[in-house]
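Please walk through the structure below, with attention to how its side chains pack and where space is left between them.

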Amino acid sequence: MLGDIGGTNARFAVLPAPGEAVQLLPRTLTSQTPDPVGAIRIALEGYRGPAPRSAIIAVATRVDAPAIRLTNAHWVIDAAAIGTALNLERVTLVNDYTPVAASVTVLDEAKGDLAPLGSFPPAGSGARVVLGPGTGLGAGALVPVEDRFAILATEAGHMEFGPTTEEETALWPHLERVGGRVTAEVVLSGPGLFRIAKALAAHRCVECSFTLPNDVLAAARAGDALAKDALDIFARWLGRFAGDLALTFESSGGVFIAGGIAPRMIDFLQAGGFREDFDRKAPHDAWARKVPVYAIINLEPALQGLAAIVTHPQRFVFQSQGWQAA
């Protein structure tokens, strides 16, 4: 069984055997059940194949123990509890961006999995970076080491984020802080898009009629000026942060934008602002312009990445925690 548990959605699938097609199961919400065991049982209700013997589950938080609490939801993901309840032989937990990083080895632009952001030469053989705004902001890297890939899960979304222009400096006092900080996740996430819109309205002394992040996207599609400006800022800041991670990991192999928001705003990301801020990396702007950047539009990259890891375990090296039956 494959699992991808985020702050809002829990996605599951079954891989019958290495190399076979992933069988997707119905998606559940983390608010729907008190724990992941209940969500897994709901997802398996319509499944008629052989019962899974093991599970590998990607979790949206730091994975440093066999039982961990989600960063942006109330669930505790307990490998032993899941294994015991579902009669599994073993349960492996990984950071949610571990399989997203693995997925870029199997996703294909020609098959409609990826949308290019800007113009660039073919990718080099260096590291690749993945990041994605959703309920939170995940990030990781895929680093080639001889004939294998080392997957580095990170908490880069919790790095401090600051203004770089006078206009942004004027906007900053109006931005909501989380834990007393403005991190990348505070502004580059679903809640972050809403915070940008509210801050922009406060700065302009106009009413903010939005109550949810989806309201901002819908209003921008309808031509609302405030919403369109908020999305433009979001796209530029996402480009800036993605470019910073590209520099951090020397990612000549490309940068890949995942998460629940990017596929819904491809046109805004391709409009120019995203790439302009990505490339503005003096004294390394010439290098940055050569880095390929794609939005991942495959609907389930984490599940595809988990399948790649299970199918080719010798190909990847990554950190994990888990439980095994006695």
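In this predicted model, Phe161 has a relative accessibility of 6% and therefore counts as buried, the limit being under 20%. Trp237 is also buried, at a relative accessible area of 1%. The rings of Phe161 and Trp237 form an aromatic pair, with 5.6 Å from centre to centre and 55 degrees between the planes, an arrangement classed as tilted. Phe161 sits in the loop between strand 12 (148–154) and helix 4 (166–171), while Trp237 belongs to helix 8 (residues 225–249), so the pair ties together parts that are 76 residues apart in sequence.

The count of aromatic pairs comes to 7. Another of them joins Phe256 and Tyr294, and this one is stacked, with centres 5.7 Å apart and planes at 15 degrees. Phe256 is in strand 13 (residues 254–257) and Tyr294 in strand 14 (residues 293–296), so this pair links distant parts of the chain, 38 residues apart. Phe256 counts as buried at 5% relative accessibility, and Tyr294 is buried with a relative accessible area of 14%. Ring pairs also bring in Phe120, which forms a cluster with Phe256 and Tyr294.

In soluble globular proteins, nonpolar side chains tend to be buried together. The largest nonpolar core here has 55 residues, and the members that touch the most others are Leu131, Trp237, Val255 and Ile257. Helix 8 gives the most to this core, with 13 residues. A second, separate core has 29 residues, among them Ala58, Ala102, Val104 and Ile296.

Val178 is placed in the loop between helix 4 and helix 5 (184–187), and at 39% relative accessibility Val178 counts as partly exposed. Beyond its neighbours within four places in sequence, Val178 is in contact with Val186 and Arg195. Between Val178 and Ala227 the C-alpha to C-alpha distance is 22 Å, with 49 residues of separation in sequence.

What remains is the space between the side chains. Rolling a probe the size of a water molecule over the atoms shows where empty space is left. The largest pocket holds about 1,100 Å³. It is lined by 47 residues, of which Pro133, Gly134, Thr135, Gly259 and Gly260 are the closest to its centre. Several elements each supply at least two residues of this lining: strand 2 (9–14), helix 3 (97–103), strand 10 (128–133), strand 11 (137–145), helix 6 (190–204), helix 7 (213–221) and helix 12 (301–311). By class, the lining of the largest pocket comprises 19 nonpolar, 20 polar and 8 charged residues.

The second largest pocket has a volume of about 550 Å³. Its lining has 23 residues, and those closest to the centre are Met1, Leu15, Ser54, Arg90 and Val310. Two or more lining residues come from each of strand 5 (54–59), strand 8 (90–95) and helix 12. Strand 5 gives the most, with 3 residues. In the lining of this second pocket, 18 residues are nonpolar, 2 polar and 3 charged.

Methods:
Residues are numbered from 1 along each chain as its sequence is written. This is a predicted model: local features need pLDDT of at least 70, side-chain atom pairs count only at pLDDT 80 or more; totals for chains, interfaces and linings use all residues. Side-chain values use heavy atoms; hydrogens and water are left out. On a 1 Å grid over the protein atoms alone, a cavity is a set of points where a 1.4 Å probe fits but cannot get out, and a pocket is an open set with protein on both sides within 12 Å along at least five of seven lines; lining residues have an atom within 4 Å of a point. Grid points are joined across faces, edges and corners, and a volume is the space filled by probe spheres set on the points. Helices (H or I, at least four residues) and strands (E, at least two) are DSSP runs, numbered from the N terminus. Ala, Val, Leu, Ile, Met, Phe, Trp, Tyr, Cys and Pro count as nonpolar, Asp, Glu, Lys and Arg as charged, and the others, Gly among them, as polar. Rings of Phe, Tyr and Trp (its six-membered ring) pair if their centres lie within 6.5 Å; planes under 30 degrees apart count as stacked, over 60 as edge-to-face and the rest as tilted. Buried means under 20% relative accessible area, exposed over 50%, partly exposed in between (1.4 Å probe, protein chains only). A nonpolar core is a set of buried Ala, Val, Leu, Ile, Met, Phe, Trp, Tyr and Cys residues joined through side-chain atoms within 4.5 Å. Contact means heavy atoms within 4.5 Å.
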